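Subject: Structure handover

Hello,

Here is the structure I promised to pass on. Please open it alongside this email and follow along.

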Amino acid sequence: MTSELRDCILVLGGDGYLGWPLSMQLAAKYPKHSIVIVDKLLRRKWVAQVGGESLLPIANPEQRLKTARDNRGINNLTFTQADIASAEIDAIVKKYRPSIVYHLAQQCSAPFSMSSCENAVDTLINNEAGNMRLLWALRAHAPKAHLIKLGTFGEYAKSCLDVAEGYFYPEYKGKRSDRPLPYPRESDDFYHASKINDSNYISVACRKWGLRVTDVMQSTVFGAYCNSIEGHSDLFTRFDYDESFGTVLNRFCAQALGGQALTVYGSGHQRTGLMALCDSIDSLVSQIDHQPLQGQHRVINNVTETSFSVNDLAETLVGIAKLSGYAVTIDRGTHDP
């Protein structure tokens, strides 16, 4: 499979929490290929807008690339600042005609998407318009490319049923579907609704245009360490801990070390899958070796641990903190952004 790759791998959203270590790992694994990061740097802007910042200071893209060259000998990584929710993405796909495209360039915070009309509209435009423009660009300029799109477990409807991996054969009143259908999807916020719509648009593009797409239903990711970004502080990825962009376990860890109560939103009974950052990156990179057929919308569930409720996470962290000499409390239901 590796020998069949053409010259370019695009990483849309390559400045982000997952995108940066992914880009570094791809550059190291495929040194004969150009790894092109495309990012508008909106995540940095949005986090600042809500009053947050990365707990680990992160370098600007130019400094990151310089350190990657000087410290790691990586010379095949470049950065382009562009808005994929504009016509710029068509020009970029036309220029590079990539064989692989990773799409991680999306507004990823449910609280942010629900905090104001403007933020909801920004979420819709960035996520849905960007995804739609990318699909049209691939159809026009790289129809055989493998698109690896980051989805979310939050697309799935909550129920007592086991979650099928993407498509399955539903049964109702004794009858079984004659073809596989998507697992039911439902959302309680505009961010996850935008991701559901993305998956629907991708399904159409695969069935009608013959695109090949791996839709990765990603669980909640935690941690700050990967082999691909060790060795220099300029290579750190971001670590958000604010109420909007801080993923739950990262936020709990920051609160515990900062002497604050762990803020459990709502009842805490909502369940989440978990995956360490390094495992998530390894899995995303491995998708290159599992190319779907032309016209196939392949959905995979990217998760390591599946059985945690938010209350479970909070109580587990309290126990771990106690062993390390930290007295940590839990604040349930008093704050929900």
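This is a predicted model: local features need pLDDT of at least 70, side-chain atom pairs count only at pLDDT 80 or more; totals for chains, interfaces and linings use all residues.

Strand 4 (residues 100–103) pairs with strand 5 (residues 146–152) in the parallel sense, over four bridges. Here Val101 stands opposite Leu147 of strand 5. Strand 5 is also joined to strand 10, by seven bridges, and the two run parallel. In this pair, Ile148 stands opposite Thr214 of strand 10. Strand 10 in turn is joined to strand 14 by six bridges, again running parallel.

How many of its residues are buried? Seven of seven. In a regular strand, side chains alternate between the two faces of the sheet. In strand 10 both faces are covered. Arg212, Thr214, Val216 and Gln218 are buried on one side. Val213, Asp215 and Met217 are buried on the other.

**The helices**

Two packed helices are described by the angle between their axes and the distance between those axes.

Take helix 6 (residues 117–141) and helix 7 (residues 190–209). They pack at an angle of about 15 degrees, with axes 10 Å apart. An angle under 35 degrees counts as roughly parallel, so helix 6 is roughly parallel to helix 7. Their crossing is right-handed. On the helix 6 side, the contact includes Ala120, Met132, Leu135 and Trp136. On the helix 7 side, it includes Phe190, Tyr191, Tyr201 and Trp209. By class, the residues of this contact are ten nonpolar, five polar and three charged.

Helix 4 and helix 6 pack at about 30 degrees, with axes 9 Å apart. That makes helix 4 roughly parallel to helix 6 as well. The crossing is right-handed. Helix 4 contributes Ile89, Asp90, Val93 and Lys94 to the contact. Helix 6 contributes Arg133, Leu134, Ala137, Leu138 and His141. The contact of helix 4 with helix 6 has five nonpolar, one polar and three charged residues.

**The loops**

Where is Leu56? Look in the loop between helix 2 (42–49) and helix 3 (61–72). Leu56 has a relative accessible area of 23%, so it is partly exposed. Leaving aside neighbours within four places in sequence, Leu56 is in contact with Ala224, Phe236, Thr237 and Phe239. Leu56 and Gly333 are 277 residues apart in sequence, and 28 Å apart in space, C-alpha to C-alpha.

Glu230 sits in the loop between strand 11 (220–222) and helix 8 (248–257). Glu230 counts as partly exposed, at 36% relative accessibility. Apart from neighbours within four places in sequence, its contacts are Asn71, Arg72, Tyr225 and Leu235. Glu230 and His335 are 105 residues apart in sequence and 36 Å apart in space, C-alpha to C-alpha.

The last two concern the backbone. Most residues other than glycine have a negative phi. Leu41 has a positive one, near 65 degrees. Leu41 is in the loop between strand 2 and helix 2. Lys173 is not a glycine either, and its phi is positive at about 55 degrees. Find Lys173 in the loop between strand 7 (171–172) and strand 8 (175–176). Is Lys173 buried or exposed? Its relative accessibility is 73%, so Lys173 counts as exposed.

Over to you.

Best wishes

Conventions
Residues are numbered from 1 along each chain as its sequence is written. Side-chain values use heavy atoms; hydrogens and water are left out. Axes are lines fitted to C-alpha atoms, for helices over the stretch in contact, and angles run from 0 to 180 degrees between N-to-C directions. Angles under 35 degrees count as roughly parallel, over 145 as roughly antiparallel, 65 to 115 as roughly perpendicular and the rest as oblique. A crossing is left-handed if the near helix is turned anticlockwise from the far one by less than a right angle, and right-handed if clockwise. Contact means heavy atoms within 4.5 Å. Ala, Val, Leu, Ile, Met, Phe, Trp, Tyr, Cys and Pro count as nonpolar, Asp, Glu, Lys and Arg as charged, and the others, Gly among them, as polar. Two strands pair if DSSP finds at least two bridges between them. Buried means under 20% relative accessible area, exposed over 50%, partly exposed in between (1.4 Å probe, protein chains only).
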